[in-house]
Amino acid sequence: MMDLSKFANDGFERGAERWKEAAWLLTKMIFFQTSVPWPSALRSTLLRWFGAQVGSGVVIRANVNISFPWRLVLGDYVWLGEEVMILSLAPVKIGSHVCVSQRSFLCTGSHDHRRETFDLIVRGITLGDGSWVAAQSFIGPGVEVGSGSVVSAGSVVMNSVPERTLVRGNPGVVIKTLTMDSDAPPADS
């Protein structure tokens, strides 16, 4: 059984000094976790100021929550939909021409439930070029979604996804391999 009084997070490296993290929390509250339609170019610039690598043509919608931008890499023409959550306790690398749709959650952290101390476990996430994580999907720690792959709406993906693959369900299972001119159904079907 877990004894949460024994939990210690001493080994976790936050990746930035406390003042920088505090400044990010204030910036996030004003410019990211709000319904105000701030321009994506402004949001991209702010992410860069806090250490994120951000390509050109990035679209960031309202109420996006990024925990540690200094661990975030966004390629060119990335779309982050409304209410996307990126828990970047470990690096999150999103390739170019990637869409992460509304309310999707990229989660790099978990806990070891087998240990009484409930140890924190962090592993990075990579979304390959041209991939799509459809609405309300969950991408777990250590997952790599291959280039050109589609994660169907509402899917829970805990294992890596090969290139050009359609994944659907909870748990996410491979439905089919996608072709260049794919006849894949829409991700919400």
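## A cluster of rings

In this predicted model, Phe12, Phe68 and Trp70 are joined into a cluster by ring pairs. A search of the whole structure finds six aromatic pairs, and one of them is formed by Phe68 and Trp70, whose rings are stacked, with 5.4 Å from centre to centre and 25 degrees between the planes. This pair counts as stacked because planes under 30 degrees apart are placed in that class. Phe68 and Trp70 are also both buried.

## The open sheet

Five strands make up an open sheet in the order β1-β4-β7-β12-β15, and their pairing is parallel. At the edges are β1 (53-54) and β15 (144-145), each of which pairs on one side only.

Within this sheet, β7 (residues 92-94) pairs with β12 (residues 125-127) in the parallel sense over three bridges, and Lys93 has Thr126 in β12 as its bridge partner.

## Strands β16, β18 and β19

Strand β18 (residues 165-168) pairs in the parallel sense with β16 (residues 150-151) over two bridges, where Leu166 in β18 is the bridge partner of Val150. Strand β18 is also joined by four bridges to β19 (residues 173-177), and these two strands run antiparallel, with Thr177 in β19 as the bridge partner of Thr165.

Together β18 and β19 form a hairpin, with four residues between them, and in the turn Gly169 has a positive phi of about 105 degrees.

Notes:
Residues numbered from 1 in each chain as written. Predicted model: local features only at pLDDT ≥ 70, side-chain atom pairs only at ≥ 80, totals over all residues. Heavy atoms only, no water. Pairing = 2+ DSSP bridges. Phe/Tyr/Trp six-rings, centres within 6.5 Å; stacked < 30°, edge-to-face > 60°. Buried < 20%, exposed > 50% of the residue type's maximum accessible area, 1.4 Å probe, protein only.
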